[in-house]
Structures are given as structure tokens and as C-alpha cells.
Amino acid sequence: MKFLPIFLDTHAGPILLIGAGDPVRARLRLLLAAEARVRWHATDGDFAITGFDPAAASRIEHVEGDPLTADLSGIAAVFCAGASEIGVTVAARARAAGVPVNVMDDPAHSSFIVPAIVDRGDVVAAVGTGGASPVVARRVRERIEAALPARIGDLAALIGRWRKPVHDRIAHAPLRRRFWERVVDGPIGAAVLAGRSNEADDALTAIADPSAYAGEQASRQAEGRVTLVGAGPGDPDLLTIKALRALQDADIVFYDELVSPEILDRARRDAARIPVGRRVGKPGIGQDAINRLLIDAAKSGQRAVRLKGGDPFIFGRGGEEVEALREAGVACSVVPGITAALGAAAESEVPLTFRHEALRVTFLTAHKARDAESVDWSALTDRKMTVVVYMGITAADAICAGLLAAGRSPETPVGVFARATRPDAKAVVGTLDRLPALVRRIDGGPAILVIGDVVSRSAPWRNSNPNSLSQTFRMAAE
Ligand code: SAH
């Protein structure tokens, strides 16, 4: 570590900013956002700025004259544009006067450097690379941005407001720390992060004797909840930020067999993980039993996540679970996920609705041949409709026969997309009349079928090389 990260109190004195142009204006923006008073020496005499509210703009003081003789007395820090003799000279003067100085893009002449910043109000994260690579710092910042709840600053602010009252009530420091840990990690913190700060304030107000909060059980009882979370088709990077947050917040995770281990790994380390999946051909524990598990977990005060492949509301029985939870009076919410059709389409470049070519998309399930027989195939013969079939592998013969008999062209391009977005993904494309043969080529599911002209625009259709990395085959010519 070459630099010590510290946070400067911008009320300690005015900040001297020397230079002109966009980088200097960007620095000005940062300083004003940090509530600084800025003495600005625009070396080209152009003090024009836009986009600041009058209160912020009123904290700028214009300075003219020779920047090399600028008054440094009482200055909290100096920022100077780089790449000029001015920077070098200003830096030398500031150092001699004992004022911290930053020359932009010139760590050698700076006594401090400016980190990449994640700004969530009271919560600020600073990322530095010792001046080596601002681009790397920015990438790290992006990751922190993605990992930090948007309202983490509200949580810090709430605690800031309650600090004194709680300090007055709980004199013993270790007890106080434990109290705040429970607030941050428990239902009060969760309420703030979910945008219900009022609830959190009420809860803190209600805790007349905060040490009673140690008997956590009672207050948590009512606070259990279930979040139905869409895990996407397999690639953990396709989890939404909200899904990730729910996983990292969960006390217990009930997951389907479709959910990949890499995704489960993203759950909080000490969260309990309960498989409740059911696969074609194998009995699972049954929907009623799953509903009961979810209700029991929430009623015992746990934050439960019900993790489902793809999206909870696309052939995921999410609707039934939401209704069961509602009937049981359990709070629940739903985080959408990328459904298999969209994951496969993106990965294999199937434009599900191509302009003028596909005006509609139908998501269909055909679990067994029996199900397929009960589908009204005549509603699916429109050439300008893309049909996506979930759970259609074992019923491929019946699907093919049904569509052909209803009049969809045997030449219709079709694709079978297995294990989409996973490392062992495989796509097989051909024509509708060959669908049963195509399905036999995928070596196992889960897989979706996509039927429609747009499949001919997909990457596997364009690329018929069987040795290609993506393991795609085109069988139309066989
Ligand atoms: N809720 C899920 C679907 C569950 S039904 C979703 O929105 O994706 C299970 C079916 O989803 C499987 O039979 C298969 O047809 C499809 N499926 C799920 N994951 C898949 C994947 N990675 N690749 C292809 N199909 C998938």
C-alpha cells in the first residue's frame, strides 16, 4: 500500500482548484458534491459552468491573476491540472506550505491522489491503485457499485440519527455494538434497504428498552418473509443485482434442481440450503409440501429465498407459491429472472421477434406426449409466430406431429437449445419435420425448442461446423 486512504473534511477550509477544461470541471463537480467550498483559478479565464444548483454554485469563488502566486493560507487542499509547468510549480509551493496537493494524472508531484469513488450518501467507498491504473480502479468500483445495496447510505444515516439516543440508553459499549449489529443484519436493516425507512424508524422508536432487543426472537417472529427469486438459466452472471442481494440476505434457501451450484454459491455463506426440486420422471416432495416449508420458515422469523430456475412466473409454479403464502399471511415478494427462452435466444442469437418476420412469441409447455396431444396446434401455425416449447423434449414426436398436422410447414426452422448459458450448452438446429431426430442429439436437458423462421437467423444455423467450440450442428442437410 503506497497511499493511505483518508477522508478529508471539506469544511476544514476552502479547496484551491487550478486549471481549465473538462477534467478540471469534473473535479469541480466532485468537490461540490462533497460539500466543499472551492476557490477556482480557471487558467483560461472561462468560469462558465452548467448543471449545478444555485446553492452548490454559490460555493465557488472565482480567482484571477497568476496561479503561481495564489494565496495558500487557510487552504485545506490544492487540486491542479496536470501536464504543465504550472502543476509542478504549484505542487512545490503547496508542499513547502504544508498543504496537501494533487496534480491531476501526475502522482509523482502529488502528495495525495484521488480514488475512484462509490457514493451512497453517508456510505462512501474509495478505490485506489496507488495511481497505477485508473481503469482498474474504475472496474473495481463498478463491482462495488453492483454489490452495494442502493439504500446502504440510508441505513448509515438512520443509525447516525439514532446513535445518540441509543448511546444514552445502552452505556455498555459491547452491548451497544451487538445492538447495532442486530439492527444492521436484522429486519430493521432489511426494511431500510427495501425502501421502508419509516418502518425502521418506527421499530427503533418502539424499542423502549433496547436491551430487550437481545431477546431478538420475539421481534423477528413477525418479520420472516419469503422472496421468490428467479435464478436465470444457469450462468451466474445472469442473476439480477436484486437476486444477488436476496441471496446474500437469506437465512435459508429452498432451491430447485435446475439451479446450478455456481448460483447457489452466491448465497450467504451460512444460509441453510434445502433442495426441493423435482425432475421429469423423478418424484419430488410435492408442491404442497414446498408451500408448507416456505410458510414454516417465514413464520419462524427466517428470511427465506425460494430460488427457481429462469423466472419464477414462467412455468415455475411461482404463482401457486405466492397464493399459498398470501393465504397463510406470509409477506412475500418476487424477483424476476431471465427465463430459459431469453437466455437461449441471447446466447445463440435467435431474434425471437424479428421485424416483419415474427410478430408474436408464444411460450408453451408440453410436458408429456399426453400434454402435447391436448395442445391446440392450429393456434400455432401462423408463420409469423415464434413458438418456444418448455419441457418439450420427451414430447418432441407429438409436438412435431401436432404442428405438421395442423399445417405448419415441415420446412420451418427449429432449434433445440440444451443447457443454455451453461458451460456445456449445446444447440442443434434443423427443420420441423426432423425435430425428433434433432432432440436425440442434445445429450440431455434441460432444453427448450424454438420453432419459427427466426431460428434461421441464429448463430448455430449460420455455423454448421460440428467441431466448433459451441458444439452446434445443423442437421437440415442430413
Ligand atoms: N422457470 C423456468 C422454467 C422451468 S420449467 C424458466 O423461466 O426458464 C423447466 C424447463 O425450462 C426445462 O424443461 C427446459 O425446457 C427449460 N429450461 C430451464 N433451464 C434451461 C436451460 N438452461 N436451457 C434450456 N432450457 C432450459
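User: Which residue in β11 does V253 stand opposite?

Analyst: The model is a predicted one. In it, strand β9 covers residues 252-255 and strand β11 covers residues 303-308, and the two pair in the parallel sense over four bridges. Within β11, the residue that stands opposite V253 is V305.

User: In what order do the five strands of the open sheet lie?

Analyst: The pairing in this sheet is parallel. The edge strands, each pairing on one side only, are β10 (272-275) and β12 (331-335). From one strand to the next, the twist averages 20°. The order of the five strands is β10-β9-β11-β8-β12.

User: What angle does the direction of helix α12 make with that of β9?

Analyst: Helix α12 comprises residues 287-299 and packs on the sheet. The strands touched by α12 are β8 (225-230), β9 and β11. Relative to the direction of β9, that of α12 makes an angle of about 170°.

User: Which element gives the most to the lining of the largest cavity?

Analyst: The structure holds two cavities of 30 Å³ or more, and about 40 Å³ of space lies in the largest cavity. The lining of the largest cavity consists of A146, A147, I241, L244, R245 and Q248. Two or more residues of this lining come from each of α4 (134-147) and α10 (241-249). With four residues, the element that gives the most is α10.

User: How many residues in the lining of the largest cavity are nonpolar?

Analyst: Ala, Leu and Ile count as nonpolar, whereas Arg counts as charged. The lining includes A146, I241 and R245. Its residues divide into one charged, one polar and, as nonpolar, four.

User: Which peptide bond is cis, with omega near 0°?

Analyst: The loop between α17 (435-439) and β17 (447-451) contains P446. The cis peptide bond with omega near 0° is the one from G445 to P446.

User: Is E35 buried, partly exposed or exposed?

Analyst: E35 lies in the loop between α1 (22-33) and β2 (38-41). Although E35 is not a glycine, its phi is positive, at about 65°. A residue is buried under 20% relative accessible area and exposed over 50%. Because its relative accessible area is 46%, E35 is partly exposed.

User: What is the relative accessibility of R317?

Analyst: R317 is placed in the loop between β11 and α13 (318-327). Its phi is near 60°, a positive value in a residue other than glycine. R317 counts as partly exposed because its relative accessibility is 36%.

Definitions and conventions
Residues are numbered from 1 along each chain as its sequence is written. This is a predicted model: local features need pLDDT of at least 70, side-chain atom pairs count only at pLDDT 80 or more; totals for chains, interfaces and linings use all residues. Side-chain values use heavy atoms; hydrogens and water are left out. Two strands pair if DSSP finds at least two bridges between them. Axes are lines fitted to C-alpha atoms, for helices over the stretch in contact, and angles run from 0 to 180 degrees between N-to-C directions. Contact means heavy atoms within 4.5 Å. On a 1 Å grid over the protein atoms alone, a cavity is a set of points where a 1.4 Å probe fits but cannot get out, and a pocket is an open set with protein on both sides within 12 Å along at least five of seven lines; lining residues have an atom within 4 Å of a point. Grid points are joined across faces, edges and corners, and a volume is the space filled by probe spheres set on the points. Buried means under 20% relative accessible area, exposed over 50%, partly exposed in between (1.4 Å probe, protein chains only).
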